[in-house]
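Please read this short report alongside the sequence and the model.

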Amino acid sequence: MKTVAEYLADCLALANPLPPFDVSLDNAKGCILAEDVRSKVDVPLTNLAALDGYGVLASDIVGASKAVPITLPVVGEVHADAQELLSNPPGSALRMASGAPIPEGIDTIVPLAHTDQGRAQVNIVQATPMGSNIWRRAEDMAAGSVVLTAGVRIGSRQISLLASAGHGTAYVHPKPRVVIISVGDELQEPGRLAQAGKIYDANSHALASAVQDAGGVVYRVGQVSDARQKLRQTLEDQEIRADIIITTGGLSYGGGDTVKDLLSPLGTVRFDNVAMAPGKQMGVGKFGDAVIFCLPGSPVAALTCFEVYIRPALRKMAGYSQIHQRSIRAKVVRGWESPQGIQEFVAAKVIGSPTNGYRVEATVDTSHPMLSGFAQANALAIVPPEQRAVAVGDDLNCLILDR
């Protein structure tokens, strides 16, 4: 029987980062940048007005106040899209729009609030220091400078920066494409009338959500028959569009569960018992070019195994440098018995703060974890294999589920 650490190492060994390629900015969100990015231009390209106001020489408005305003003729107006710029003679002002390029003869922008907002002439009622309210050329980014480093996850802020720096594409590790298959003739789609001998397929929907949260692209196949030929045909059909295939169910030792019977003879998928609970048995390997993970049919076990093994593997393939979810130490509020020699992952609720410390309480009956309790959890409390009893006040590592 393998330990959790050994089995995780097996999973990560197969999860190689996907080869990077260029994608449009519209498709870059959520991807990991594969190389440093340099700005193609100075940002801004020239000196710009940082706000609406009047462009002047600071030396022309020394001593301006409400009691003694300084009056200057307004010789023109400059808009943000101006291409041919007026020059500003000494002793005069130009009305400037926010974002307008700064012409010669201006070293300061006086805010509208410090004036009477005149058109032909303007009364300035507060002196403004030289250089005020001017966004300098290349103040944000200089052409050729590194503005994003490899390994950054691209979101709306990074897309804004890429576009401003002149880039229409980004060189990224693509999001892994993940096919999800629930195996079993007993399964039916939620929303339909319940039938005798049938259960609703919770796993494919739950795992689809988990994959999206982890940064993958989901193709949910849903329920597939236990029939060997049907299952094999489905896997072969889906492999062409998959970087990862996840199956759930079909792992028991009883008759009719065909995942092991189908995949074991291929020699590329290994099924092991792992010293963990829930989710003792799993399969991992390659099916064609795709990494395949075979999970138990129990929703609690399937989602636990996803968090422990598949989420970090998926994030590694997606190019993340930090592949594991955050974990914290928390003190146990209410104890329980834990199986000997098994690393237990208990659905639990963690509350508290870094200042006052964290507390953790199981949300399930640890002897028989139910989905209703699992849904209330925000963490998995991890009990080491050598710990037989969890007592009030014990410190446990807790894998955080909710971000």
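## Helix α3 and its cover

The buried residues of α3 are covered by elements that include β13 (177-183), β16 (217-224), β17 (244-248), β21 (290-295) and α6 (299-317). Helices (H or I, at least four residues) and strands (E, at least two) are DSSP runs, numbered from the N terminus. This is a predicted model, in which local features need pLDDT of at least 70 and side-chain atom pairs count only at pLDDT 80 or more, while totals for chains, interfaces and linings use all residues. Residues are numbered from 1 along each chain as its sequence is written, and side-chain values use heavy atoms, with hydrogens and water left out.

The residues of α3 that count as buried (under 20% relative accessible area; exposed is over 50%, partly exposed in between; 1.4 Å probe, protein chains only) are N203, S204, L207, A208, A210, V211 and A214. They lie on the same side of α3, because they cover an arc of only 165° around the axis, taken from the directions from the helix axis to the C-beta atoms. Just after α3, G215 has a positive phi of about 105°.

## Residue A379

A379 belongs to strand β26 (residues 379-383). Its relative accessibility is 0%, so A379 counts as buried.

Beyond its neighbours within four places in sequence, A379 is in contact (heavy atoms within 4.5 Å) with V346, A347, A348, V350, C398, L399, I400 and L401.

## Cysteines

The whole structure has 0 disulfides, a disulfide being a pair of cysteine sulfur atoms within 2.5 Å. The closest cysteine sulfur to that of C305 is in C11, 9.1 Å away, which is too far for a bond. C305 is buried because its relative accessibility is 0%.
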